[in-house]
Amino acid sequence: MDILDKGPHGGLAANPDDIASLLERIQKGDREAFMTVVRLYQQKVFVMAFSILRNKEDALDAVQETFLRIYQKSGTYRPGNNFQGWLLQIAKNVSIDYYRKHRQKRQEWETPTPLDDIPVPVVDKTSDSRDSDLRSAFTRCVEKLAAKQKMVFMMRHYNELQFNEISAALEISVGTAKSLHFKAVRNLRKWLTPYLGMER
Amino acid sequence: MNNCPMKRSDWLTYLSGDLEEGRRTTVAEHLKECPECRKDAEEFRRVLDGADAVKGEIQEALRSVDWEALPARIANYVYANAEKPAELSAGGRVRMWFLQAGLRPVAAGVAMGVLLGSLGMYLVLRRPVPRPNGGKTYYASGEFLDRAELEMARRETVDYLEQSQYVLLDFLGTPSSQAAARPGLSMAQARELLSKKKYLNRELDKFQMAKAKAICDQIEMLFLELAQVSGDLPEAELAKMRNLVEERQLFLKINLIKRELQNGV
């Protein structure tokens, strides 16, 4: 494992030649090579999926599905290309598909609140104090961002990716990635003003 | 409003730690001297701190996963479910050679030529073919059909709740007016609603409408009790049920659920 560098979130990253050789071995049916790729990138894929799905079990399903696709597409990877960018692009697409597929069923109905806990109007008034919680406000504001701004922001701050890695994963230029990031933070600042006690 | 000519995107890159060394020093010096930029930069920093708060949730999720066991679990799933990895086709190899040799513009030109040629050939050679049913074919995506089904289920549930409300009011009388009950007609309606509920159960389960199911189950229990009583309902039994309905705030909850369903929550 000396070929590996430690990455953010305790994940690891291999150099491009090693990845190309691992993918070649996967194509020949080498299960151990496949598990090595999973070990190297599982946490990065998980963070990407979790950022989108915000649920551990769903994120793990998306991780599994992502590696299934990587296995099936291992023969189409072009050596020299950014493997991590390619992988995270697949993880992002899988997670978004998963989210869309389960969105209808994952609304309030999915968490079956006991009937007696349904808030009657008097109780409802207290929900304002919960809403003031900065973290939930922040999460809601991130959800409000335009799709690409949100994706760049999450990749930069949750996945801790560099802008060149983000640009590879989203197939946009580094300049565009930086510009989307700036717009995202500017919008968040605008929307979070009341929660952060800032003046407009 | 900050009118300073310094680019604000620079502070952001500076605060994210992504600015190159020379530029970082320039921005740091500028922020020391310019109070307006310093104030704006401080606000941006607080927004980025919010991201750190959310990151804590991600770290917590990361800690709760058994990373040692996961690769084997994923490998088992993949090797059980996947077909053999796809190999690059001959066409794919040619494309790869094009792209690796830095011939992207040539590849794009060739692709555009083929596309325009095909389009030209199509326009020249196409024959209008009369279509059955006047060419009117309707398509709907799976997602659209799912949504339509969900909407239907919601409407049927609202309908069921509304009818149940009327029947319950007939039986029990409104709490305020103490209106007389009309058990004969209402009993038949209650039985009809009981059979409707059997169909509704499937829909409620399918779309995981847990709260609506819970309230429909409570109504069903009441109807079952009413259906078991033959003839006129004794006043004591009626009062007991009325108390139960009031205690559980059944009408209020029916209204709340109806409103949620109508709003498509």
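Rings of Phe, Tyr and Trp (its six-membered ring) pair if their centres lie within 6.5 Å; planes under 30 degrees apart count as stacked, over 60 as edge-to-face and the rest as tilted. The model is predicted, with local features requiring pLDDT of at least 70 and side-chain atom pairs pLDDT 80 or more, whereas totals for chains, interfaces and linings use all residues. Residues are numbered from 1 along each chain as its sequence is written, chains are lettered from A and ligands numbered from 1 in the order in which they are written, and side-chain values use heavy atoms, without hydrogens and water.

**Exercise 1.** State which residues of chain A ring pairs link into a cluster.

*Solution.* The search of the whole structure gives 12 aromatic pairs over all chains. Ring pairs join A:Tyr41, A:Tyr77, A:Phe83 and A:Trp86 into a cluster.

**Exercise 2.** Classify the pair of A:Phe46 and B:Trp67.

*Solution.* Step 1: the ring centres are 5.4 Å apart and the planes stand at 80°, so the pair is edge-to-face. Step 2: A:Phe46 is buried (under 20% relative accessible area, with a 1.4 Å probe and protein chains only; exposed is over 50%, partly exposed in between), at 0%. Step 3: B:Trp67 is also buried, at 14%.

**Exercise 3.** Classify the pair of A:Phe182 and B:Phe44.

*Solution.* Step 1: with centres 6.1 Å apart and planes at 15°, the pair is stacked. Step 2: the pair crosses between chains, from A:Phe182 to B:Phe44. Step 3: A:Phe182 is buried at 13% relative accessible area, and B:Phe44 is buried at 0%.

Conventions. Helices (H or I, at least four residues) and strands (E, at least two) are DSSP runs, numbered from the N terminus.
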